[in-house]
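I would ask you to look at the sequence and the structure as they are shown.

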Amino acid sequence: DEWFNRQPSRDGTTFCPHVGLPDDRPFVMYACSTLFDHSPPEAKLVVEWIRRVRASTLPHLQNVGILVRPHPSRLYEWDDIDVGTMGPTVLWGRNPLDPVSKADYFDSMYHSAVVVGLITSAFIEAGIVGREVHTVLDPEFEDNQLGTVHYHYLTNTAGGLLTVGRGFDEHLQKLDAAHSRPRQDVVKPFIRAFVRPHGLEVAATPLFVEQIEGMAGLRVRRSPPDALAFAWRRAIDRLRAMRHDERYDRWLLSERGMGVKVRNREHRERKLSEHHAARKARNVAEKAARKAAREEGRV
């Protein structure tokens with residue numbers, strides 16, 4: 001609700017130099033996501049995305065500005081990445097919790113031409129501001145995109161909010177087309193249907209709170225005892241135990257679920273291998289240090 005009817009704290013000619021972008025061209029805001037545990041680093045994908053934007057010959061992507069907002073929970077991914085070598089690109093923005101960072105966040109969306117990301121609540125907030133939102137489907141992040149319920153809300157509700165590119169080529173074509181259109185602060189039907197279904201002037205939060213508080217008067221009718229309850233519990237316990245037995249995976253898991261399990265197992269094995277390699281290297285270094293100390297003592 002706080003992003004409706006809000007005004008930017010500064011104009012574009014002030015904002016762009018403030019964050020380190022040229023003010024003579026539009027810029028794209030890339031909003032990073034929180035993602036599931038064991039997901040690949042999004043920073044790696046963003047760097048590849050920037051590289052492809054910079055290599056594109058599409059007319060409206062030539063030297064476009066790029067503002068990347070890292071997700072506060074995954075800042076470590078950017079420790080060794082220098083975006084300053086990638087053309088007019090900046091890594092900027094904090095978690096929008098206090099008035100200043102909220103103003104910075106809103107200004108980033110408001111002054112951007114388009115907002116890009118994988119799967120983020122920034123899509124809805126940018127839609128409230130009237131910006132187009134785009135994503136590129138990537139096989140490594142399929143669980144976070146196609147495997148979530150909210151992705152399908154973004155693409156299907158009231159005609160959808162999210163413009164999807166199936167691969168980088170299609171994504172860049174659609175991104176270029178978005179830049180070719182005059183920017184309009186138009187709220188899509190998705191926002192009316194999904195965020196404020198009672199009207200754009202009717203805040204959703206008070207209605208939500210009212211419904212929650214109204215549940216205090218509900219009374220739960222106790223169900224009659226089930227004569228087969230014991231048998232059902234035994235069957236469910238057996239099924240639950242089977243979930244941890246790989247022999248039954250092909251019957252209990254979907255193809256996507258199998259993929260997730262394989263990736264998680266590979267992640268654990270990789271981490272274990274890295275741990276063993278680090279411990280071995282540490283032992284070798286300690287052994288060499290002790291040998292050097294002994295030799296130095298004899299000298």
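Predicted model: local features only at pLDDT ≥ 70, side-chain atom pairs only at ≥ 80, totals over all residues.

Residues are numbered from 1 along each chain as its sequence is written, and side-chain values use heavy atoms, with hydrogens and water left out.

Let us begin with the core. In soluble globular proteins, nonpolar side chains tend to be buried together. A nonpolar core here means a set of buried Ala, Val, Leu, Ile, Met, Phe, Trp, Tyr and Cys residues joined through side-chain atoms within 4.5 Å. Buried means under 20% relative accessible area, exposed means over 50%, and partly exposed lies in between, with a 1.4 Å probe and protein chains only. The largest nonpolar core has 60 residues, and Trp-49 is one of those with the most contacts inside it. Helix α2, residues 42-55, gives the largest share of this core, namely six residues. Helices are DSSP runs of H or I with at least four residues, strands are runs of E with at least two, and both are numbered from the N terminus.

Next comes Arg-131. Is this residue buried or exposed? Arg-131 is buried, because its relative accessible area is 3%. Its place is in the loop between α4 (122-129) and β5 (132-136). A polar atom of its side chain lies 3.3 Å from the backbone oxygen of Met-109, and one lies 3.2 Å from the backbone oxygen of Ser-112.

I turn now to the salt bridges, each a side-chain nitrogen of Lys or Arg within 4 Å of a carboxyl oxygen of Asp or Glu. How many are found in the whole structure? The search finds twelve. In one of them, Arg-51 pairs with Glu-48, with the closest N and O atoms 2.7 Å apart. These two residues are separated by about one helical turn, because they are three residues apart in helix α2. Arg-51 is partly exposed at 46%, and Glu-48 is partly exposed at 25%. Glu-170 likewise forms a salt bridge with Lys-174, at 2.9 Å between the closest N and O atoms.

Finally, consider the surface. Phe-208 lies in helix α8, residues 204-214. Phe-208 counts as exposed because its relative accessibility is 55%.

Technical notes. Polar contact = N/O pair within 3.5 Å; in protein donor to acceptor, adjacent residues only side chain to side chain.
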